[in-house]
Amino acid sequence: MVTVTLWGSLAELAEGQRSVEVEATNLRELLQALELAHPALEPQLARGVSVSIDGKIYNDSWFQPISETSEVVLLNRLEGG
Amino acid sequence: MAKDEFQTREFKVVGTRVPRPDGLDKVTGRARYGADMSAPGMLHGYCLRSPHAHARIVSIDTSAAEAMSGVKAVVTRADFTVTPEDQGTRDILDNVMADKKALYDGHTVAAVAATSRSAGMKALKAIKVEYEVLPHVIDVDEAMKPGAPELHEGRSQESVPEGYSQNVLARSQYGHGDIDAGFAKADVIIERSFTTAATHQGYIEPHACLATMGNDNQGDLFCCTQGHFLVRSTCAEIMGMESGRLRVTSSEIGGGFGGKTTVFLEPVALMLSKKSGKPVKMTMSRDEVLRASGPTASTSIDIKIGATKDGRITGAWGDFRYQSGAFYAMNGALGAMCGFAPYDLENLKTVGWEVVTNRPKAAAYRAPGAPMAAFAVESVMDELASSIGMDPIDFRLMNGAEEGTKSAYGPTYPAIGLKATLEAAKAHPHWSAPLGENQGRGVGCGFWFNFGGNTSVSLMINPDGTVSLSEGNPDIGGSRASMSMMAAEELGIPYRQVRTIIADTASLGENDVTDGSRVTFAVGLATIKAARHAIETMKARAAKTWGIDADAVEWVDGAAQPAGPNAGKFPPLTLKEIAATMSNTGGPISGHHEANAEGAGVSFGTHICDTEVDPETGAVKILRYTVFQDAGKAVHPDYVEGQLQGGAVQGIGWALNEEYVYGEDGTLQNPGFLDYRIPVASDLPMIEPVILEIPNPGHPYGVRGVGETGIVPPLATIANAVSRAADVRMTSLPMSPPKLLAAIKAK
Amino acid sequence: MSRIHVNTTVNGDAVDYLCEAEDTLLDVLRDTLDLTGSKEGCASGDCGACSVLVDGRLVCSCLVLGAEAEGRTVETIEGMAEGDTLHPLQKNFINKAALQCGICTPGILVAAKNLLEKNPDPSEEEVRYWLAGNLCRCTGYDKIIRAVLDTAAEMRGAA
């Protein structure tokens, strides 16, 4: 199981849990599992999120590996200037 | 993956200060920017813009304009019959051509294409628009209140609590720990409210484009943009065409800073061209640039920080309310994520709000959302340091984030360079230089994420041994030079042997926009990998020529050579020699790299500034300014310095002068460079850049993006310097002379 | 509406053109004579990107009417280099990285050349005030000021 940390206002939609556990070995599986386990997250997941995996930020890379010891943090989808 | 990683090496080209390939064109006036292109039979396109901040468009009568001599097409929203699937693109369409309502002063409601400017101007006057003027709202705090005039319906996200106006589109909360417990442990707590005005990126080149579109639904677009691939996909979606049928070529770009990461004129020009059957050129006036293209958010921010007497922060809280103009933009959340990012905090809570108002849609401006948050947080940090009698750099060092710190936005930091910039600032002679009367010194830190993203690069070995490199990111500050340098470094050939160009959308795979400080990092990485790909082919050609195994060949100093004595004894084959025989050894040689380069490392900077305040007038003079930032590895140090200097000076303008001023009627009062005053040469001292080079472990040369972080610390740094010089805490930007004078008098 | 016939000299060559009464010199240079090196950043004389010399005087060409060029001499960025020999300012702007996006560069070069003709040994402050009418948003002016000062020193040395 991978532990995923949610940002505060997202946690409110996941029954107030700041971290949730899902079964996933990569980013795509992680996002799919999150949506399945917590349907209330769907609107935000559809709008897009960034995911920090061990301190590095990913937006799209489905096959980025995630291990059980990875630190996974969901973030608002980031954009730059 | 191992090849992505940083390896220590001796650089021959990278790190030198070579002349840029586009230099000659730019000093002779030949470089072609957005407005410099023409086409035979071209028409000139002009926009009719709303004079009202908020109005229902009751009717538009274009018949008189259409009947005029020289007028070839008139378009309104009725011509845009496709509804884009994506909400963001729908917003862009609503922004470039108003739908049922004009949402801000300057919002386009119709456009014409005519054979001359005078014909176009007359046609604009002949379009009759009936407006029903609606109440408007400009201020972020006003816009949040229930009962405020509302721009949209049903757009608030699920994160917005009850009791707010529908103008509040989103709320994001970050942080960790227990702030109440944290504040309970504090000896000193400081709580302040701050405001910052909207500012404009202020690029000197107004938006411009030349569009050609036929009834075969095929088009060409030449435009100034930070990302022509994004222009292609956005315009194609709005026009209801397949993006492969639209070719977009980026012009030289006269500044962008984030403001050219979207479209304004392009879909309108394409529609005018489609309707008239002729090429249409459109260029914004400065008035249009300021009224209708992307300014920053204005903000209202509350910050509370508590610390023990010996300087340890026990709790921190921030509420970041950002208005993003008439449409959704994620800025408040970025403020909530970035403001406290330089610090190691046990107990933190931040909330970011996205609010719409009757102003132009906010666009990115370097590190979007971060400078205002840093202004507020770093101001309170400064006051806290003073109140407990600590040196402001020591206070930041004591609480500074480092490897292993849980960041303000959640993740744990890998190795980062914040403390290195603080130590460098502390050790710099600027920090200990004496100050005179009415003078004050400020320090501030800043954070930005930095991005990578989709990148596609082609590197061609030409038969004469020169190298052509095609990249897909508009060169906004010398990146063609940096890419040529990295290719030359990797190939082991002189810099002059490589020429880099920006290819159009039909010539390369998808490339993300030039934003997020991504280009030197991500396009550089792709360039290095494309060069390595070409080297593999050249090694194979040499192996074939020698009749040995390709594994037995290595690439050293621009030539293939046998790898050790067992491989055989052959004199090295240079790149030039291999290129000369390419048609004999298997045909053309090129290298490619296509990837989504995610996982760029974060960036920190520290600035120091000395100011002198005139107590009689409230005028501020910047006496000395020093920037400390980690570049990982400065590929072309001149252009890294230029990014740091330019970011600092934009910050100086933001801190001291620049602001969008609205009248009672919600119209912009200062849409010109006379009244919207950006820093001029005589306002400024030299800006000293101090580049730190702490290699980015995720890039082969250790490169880190540098484009955005430089604008994050200045607002706070200058506010801290001014507050110390005037002995009064300044909490509202810009610190213009009347505002500062009033604060001094109220002391 | 009849157009105005203008005879003038641009970058040393006799030129004539027809313009409308309201056309600025900048419009004529860019749209009629195809000299697009002068840029329109504001059309109100605030940014200096359209700087040219008219009878040796530094002006914003957006504030001069095309018709006013009658009988005068106009010098633009396109006339700054002699053939393939760059003016020392042009050379130093490239070598000292005094430009980023380059949109303000033509105007700044025209203005700086005019300064050095009047004052071969300007102080930093004099350069900063002379160029105060030329906005640059990329560089923070640092490398521009240095390039002008270095060029002045170089030209004094060569003289």
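Predicted model: local features only at pLDDT ≥ 70, side-chain atom pairs only at ≥ 80, totals over all residues.
Let's start with chain C. Chain C contains 5 helices and 5 strands.

What about the inside of chain C? Of its 159 residues, 55% count as buried. To count as buried, a residue needs 20 or more other C-beta atoms within 10 Å of its own. Now take the contacts in chain C between residues at least 6 apart in sequence: 59% of them join residues at least 24 apart.

Next, see how the chains meet. There are 2 pairs of chains that touch, and the pair with the most contacts is chains B and C. In that pairing, 45 residues of chain B are in contact with 43 residues of chain C. On the chain B side, helix H1 (23-28) and helix H19 (637-656) each supply at least two residues. The largest share of that side comes from H19(B), with 7 residues. Sorted by class, the side of chain B that touches chain C has 21 nonpolar, 15 polar and 9 charged residues. Chains A and C, on the other hand, do not touch, and their nearest C-alpha atoms are 14 Å apart.

Finally, zoom in on two helices of chain B. Two packed helices are described by the angle between their axes and the distance between the axes. Helix H15 (residues 479-491) of chain B packs against helix H16 (residues 519-546) of chain B at an angle of about 35°, and their axes are 9 Å apart. The crossing of H15(B) past H16(B) is right-handed. Which residues make the contact? From H15(B) they include Ser482(B), Met483(B), Met486(B) and Ala487(B), while those from H16(B) include Val523(B), Gly524(B), Thr527(B) and Ile528(B). Taken by class, the residues of the contact of H15(B) with H16(B) divide into 9 nonpolar, 5 polar and 2 charged.

Technical notes: Residues numbered from 1 in each chain as written. Chains lettered and ligands numbered in written order. Helix = DSSP H or I, 4+ residues; strand = E, 2+ residues; numbered from the N terminus. Buried ≥ 20, exposed ≤ 12 C-beta atoms within 10 Å, placed from the backbone. Contact = placed C-beta atoms within 7 Å. Nonpolar A, V, L, I, M, F, W, Y, C, P; charged D, E, K, R; others polar. Axes fitted to C-alpha atoms, helices over the stretch in contact; angles between N-to-C directions. Left-handed = near helix turned anticlockwise from the far one by under 90°.
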